Amino acid sequence: MLGPGVVCAVPGGYLLDLPSQAVDSARFETALSEARGLRRRSGVEGVAEAYRCALAHWRSESAYTDVRHVPVLAEESCRLAELRLQALKECLAAEVDEGAYDIAAAELLTLTMRHPQVEEFWALRMLTLSRLERQADALAVYQEARRVLDDRYGLVPGARLQEMERLILRDTGTAGSGAKPAGPTSIGRPATSFLGREGEVDATLKILGRTRILTLTGPGGVGKTRLALEVSQALIDRRAPTLAHDAIVVDLVPYGPGDDLALAVLDSLSAATLPGGTAGRGLSPIRTLCEALKGRRVLVVLDNCEHVADEAAALSAALSAGTEGTTILATSRQPLGVPGEAVHPVAPLAVPADLDDVVALATLPAVRLFLDRAQAVQPGLTADAAGVRTISRVCHQLDGIPLAIELAAVRAGALGLAGVERLLDDRFQQLDRGPGRGPDRHRTLESVVGWSYQLLDRREQQALDRLSVFRGPFLPQQVRGLWTHLGEVDTDVPALLGRLAAKSLVQAEAAEGFPERFRLLETVRLYAGRKLEATGGTERVVRAQMDVYVSLATSCSRRLVGTGQAQAVRTLMLEEGNIRAAFQRALDRGLGDVAHQLVGALGYTTWMRGGRTADWELITRSLSLPAQDAEIRVRALAWAAHLGSAFGHLREAVHFGEQAEHAARGHESIRIADLALAYVGRAHALHRLGRWEEGDAVLEEARRLALSSGDRWTMAAPPMARGLGLLARGRIADAEAAFLTAAEHYSRCADKWAQQRALLRRAMAREARGDLRSAAMLLAEAVQLVEELDLPEVAIPARAALARVTLLAGHIDAGRHMVHELTRSNTVLSLDAPAAQLAQCKAILADADGRSAEAIRRHLDAGVGLADVGLYAEAVESWARVVLLAEQDSPQFAAALGAAEQVAARIQSPRVLAIVRYMRGLRAESAPDTADELTAAERLFTQNGLGLPALLRRGGPAAG
């Protein structure tokens, strides 16, 4: 039995909603990853058994046999089959390492018959027989392999098989003693555990299998060296032909420009790899090196190439041309630029800033790395939920750079987690390994960045210093704008950014639908900022940054109504960090006109995003500053009044609306549309405060101003506000007519977001009448409309409202799926109204599942949240559900009824009053009292054209 909730109805069919580890292929891959990790950590003990456990998940040699006619499953079947073969190779290599020669020999006999094209099985079979002192049989296997490969595939044995034959012929005595063939058995690695990049080892191996020169690039401290060492060890463990003879690591830090790096490699070669006779023959070092490596398969790791990039490039090119079996794995903060070079950027460990799930946070590689290194210094150190969140914030502020995380983690024992977070403000002085620990360039965080900074020329250093004023990703055109404001117009900005990105000091990143963007890691930004401050140029560059982003925000705001809406919103969202930095800098410097201009430019996007672009504190601080330009002042006040009325800052909204009216007097240049918006915000706030007559009068003046403006978008605002007021007062038909008028205006100015907003309001009216089916249809249309904008965050309010109405209509399974999809995003929790609606949805689901105690608790909390965002009828419905579910003498019953009565006294809404009368009827002790209250409630519902809410039915929505 699958159990409840596993098969879910979704649009277009059904979903089998299983955790990944319920599928045997996923369990196999997880177990294989664990076996590989064990091999890297522990050498040989228990490794073969771990591989056997992974392979035990297979029931046959192929996956998805019955459905291979489906193309995507056929591809997956092939991928899994290849992975199984690789696992078998590694498993049998481990069996041989552990001395299980008889077991391995028997299985390898079968495997070479079943998979004759896999040379590794033949090689392992030869190795196993030689370990059993059966050298003649091992050589016979080679002859058999050669015959089979030639007869069936027209192939000759590869390097691995040829090398195995040569070793057995040459080292018969050694092989007979049970020793392993020549070749490296290990490579020097740090004693610390390898965390966070286990999967990247396999990815790097795949690239290395296609090229002879691979450069791992990335910023200082990102883990390039450690990854290169782990990749080298993995090649050794897998008996890869790449390093059949030797693997060497050459640290290039002691060398400088002009040094002959061939000498460094020669010094590192083992005696077995460097045969006699190559020295003293008058050859150059590179010729000597090529002669030494000729006919041999060697992996050369060139570590830390950035300061000798030209010399490392020349060496790599010479080795590639002068030898056939040399593979080069380089680490550098920039590519070598050699023909045939593959480049693999090593990225910092990901630490999402908006992730709040403690379980998910604790599994992040960066968090695991911090804890591992902290526990190495202070055994027994643990982190509770708050501690995990602190660690994730520390890792995020350190850009996910492993070295920086390690430097911070070792201070946790002495300072505690909170203390480590505090010291990040002075990270360059505080994050220090201590004297004599580690190479100089990795001893302090400052030395890590300084090593790269010193490799820049003066022009690049100056550019990096200036880029420190950015607070997030930026485009080349914004850098060009910065340079223009600084009086420099002849700089080739794309080329400059390209050079800095190549040297890993600027990070290039892609955003779908946008050109390539760039950003500075926070530690690099702080370092460059200190350099800029030392030159005395900070203020001039900061002023230029403000000008660039005020201009950008203003330009985008003009495209928010019309066909360019989605692109403008996405641009403002991507630029949020830089815009907020400009905003904060304007406030810190008391630049009132700049701050007011940003409030006006960002108002609409802030409304769309539930207050997330310019938060209320920024707005109020801006408006507390004087502004010389009356037009800019009125526009900012208008949006402040509008946003305050929408997000519950009601008295402040009224005040800002009044200020806008006062500021506009005597200034004919003021846009009438801006003033009309101020009146609408003020009127809506007055309505929400229960000052109905005063609000109606202000709204009528707003309507008159909007008509005289001639602006369709502005003309839609008064009927939207009027509809909300009418809906709250029970005039359902009039409210829907007002919403229709607003929708017509919005459609004529091609504002899709505003059109879906009107649909949401019309759906509220239909729901109030009890027409849940029609409400759901309107909400589905709203979701489709806003999803055409391809802005998932902006679609959340419509999706939350649709999930709620779907559940109220009794479609529990469909609603459950919608709720599940919504909860995947943390964004919904930051949007007050959708979060409150989602809370009510979860209460409905608990009720439908028979979890009454949980439903009561959730409905009580949901009611509070709904009331806080002005959804009073919806709040009272949740409290009514508590009255139906709870015992009459329970504190929950009393709390729900009391809260509902308080709202009814303040709002005077017929819909709210009807629900409260119904609740009182449920409380009445005598039958006549019950009948009187219920009759009065029914009369209010009927007189106002209201339907009985689904939550007031005894069985709840599911009973409808």
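Student: What should I know about the model before reading it?

Tutor: This is a predicted model, in which local features need pLDDT of at least 70 and side-chain atom pairs count only at pLDDT 80 or more, while totals for chains, interfaces and linings use all residues. Residues are numbered from 1 along each chain as its sequence is written, and side-chain values use heavy atoms, with hydrogens and water left out.

Student: How many helices and strands does the chain have?

Tutor: Helices (H or I, at least four residues) and strands (E, at least two) are DSSP runs, numbered from the N terminus. The chain has 46 helices and 9 strands.

Student: What percentage of the residues is buried?

Tutor: Buried means under 20% relative accessible area, exposed over 50%, and partly exposed in between, with a 1.4 Å probe and protein chains only. Of the 960 residues in the chain, 53% are buried.

Student: How do the axes of α31 and α32 cross?

Tutor: Axes are lines fitted to C-alpha atoms, for helices over the stretch in contact, and angles run from 0 to 180 degrees between N-to-C directions. Helix α31 (residues 650–664) and helix α32 (residues 672–688) have axes that come within 8 Å and cross at roughly 150°. The two helices are therefore roughly antiparallel, a term for angles over 145 degrees.

Student: Which residues of α31 and α32 meet?

Tutor: Contact means heavy atoms within 4.5 Å. In α31, the residues include Leu-650, Val-654 and Glu-658, and those they meet in α32 include Leu-675, Tyr-679 and Arg-682. By class, this contact has 10 nonpolar, 1 polar and 4 charged residues. Ala, Val, Leu, Ile, Met, Phe, Trp, Tyr, Cys and Pro count as nonpolar, Asp, Glu, Lys and Arg as charged, and the others, Gly among them, as polar.

Student: Is Gln-755 buried or exposed?

Tutor: Gln-755, found in helix α36 (residues 752–768), counts as buried because its relative accessibility is 19%. Leaving aside residues up to four places away in sequence, Gln-755 touches Tyr-746, Ser-747, Ala-750 and Leu-785.

Student: What is the phi of Asn-304, and what is that of Asp-399?

Tutor: Asn-304 is not a glycine, yet has a positive phi of about 65°. Asn-304 lies in the loop between β5 (298–303) and α13 (309–322) and is buried, at 6% relative accessible area. Asp-399, also not a glycine, has a positive phi of about 65°. Asp-399 belongs to the loop between α16 (385–397) and α17 (402–409) and is buried, at 13%.

Note on methods: Parallel < 35°, antiparallel > 145°, perpendicular 65-115°, else oblique.
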